[in-house]
Amino acid sequence: MENEQNPLFSQIPYRWEVCFLPDCAKKESCLRHRMYTEACAGRKALYAVAPAARSGVECSAFVPIRTVRRAKGMQHLMDSLPARLSRQLKHELYTFLNGRSNFYRYLHGDMLLSPAQQQEIAARVARMGSDLSVEFDAYVDELDFQIEG
């Protein structure tokens, strides 16, 4: 299965509809069409946008191509805080990140932090009275599959 090896294929959310309509006026700037042409073209079965989604040049399924910067790991942040603040933040993040195991996945970079999560963590550090500039271990730019609506 060649497509499973494609890094773009692994980014596609479950049940994400792709667009294979070749004559769409917006196909060059549509994430759904890009995912079809670059990640799914050889697949025999997939979720797809129906031609009825288009009305002239407009398309109700259109999603613009955007990237989002996700943070990978926060070990450096936790190590740079004083021990008392690090413990406090860790316990707050257990709840914020939906549990201890998720916290450790984010800590070690196994799960990526969204921009909103990054902002919330920075706000929590500031509320704790730290003047530390919040930097994460690394950053990864990924396609943004969020549908604005």
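Q: What makes the link between the side chains of glutamate 142 and arginine 70 a polar contact?
A: A polar contact is a pair of N or O atoms within 3.5 Å; within protein, one atom must be able to donate a hydrogen and the other to accept it, and residues adjacent in sequence count only if both atoms are side-chain atoms. Here the two side chains are joined at 3.0 Å, so the pair passes the distance cut-off. By the way, this is a predicted model, its residues are numbered from 1 along each chain as its sequence is written, and side-chain values use heavy atoms, with hydrogens and water left out. Local features need pLDDT of at least 70, side-chain atom pairs count only at pLDDT 80 or more, and totals for chains, interfaces and linings use all residues.

Q: Which residues does glutamate 142 contact, leaving aside its neighbours within four places in sequence?
A: Contact means heavy atoms within 4.5 Å. Glutamate 142 has such contacts with Gln11, Arg66, Thr67, Val68, Arg70 and Leu112. Gln11 is 131 residues away along the chain, yet the two C-alpha atoms are separated by 8.2 Å.

Q: Is serine 130 buried or exposed, and how do you know?
A: Its relative accessible area is 15%, so it counts as buried. You'll find serine 130 in the loop between helix H6 (115–127) and strand S4 (138–143). A polar atom of its side chain lies 3.1 Å from the backbone nitrogen of leucine 132.

Q: How do you know how many disulfides there are?
A: A disulfide is a pair of cysteine sulfur atoms within 2.5 Å. The structure holds zero of them. Take cysteine 19: the nearest cysteine sulfur, from cysteine 24, is 5.6 Å away. For cysteine 40 the nearest one, from cysteine 19, is 12 Å away. Cysteine 19 is buried because its relative accessibility is 7%, and cysteine 40 is buried too, at 5%.

Q: What makes a space a cavity, and how many are there of 30 Å³ or more?
A: On a 1 Å grid over the protein atoms alone, a cavity is a set of points where a 1.4 Å probe fits but cannot get out, and lining residues have an atom within 4 Å of a point. There is one of 30 Å³ or more. The largest cavity holds about 40 Å³, where volume means the space filled by probe spheres set on the points, joined across faces, edges and corners. Its lining includes Cys19, Arg32 and Ala61.

Q: What makes a pocket, and which residues line the largest one?
A: A pocket is an open set of points with protein on both sides within 12 Å along at least five of seven lines. The largest has about 200 Å³ of space, and Trp16, Cys40 and Tyr47 are among the residues lining it.

Definitions and conventions: Buried < 20%, exposed > 50% of the residue type's maximum accessible area, 1.4 Å probe, protein only. Helix = DSSP H or I, 4+ residues; strand = E, 2+ residues; numbered from the N terminus.
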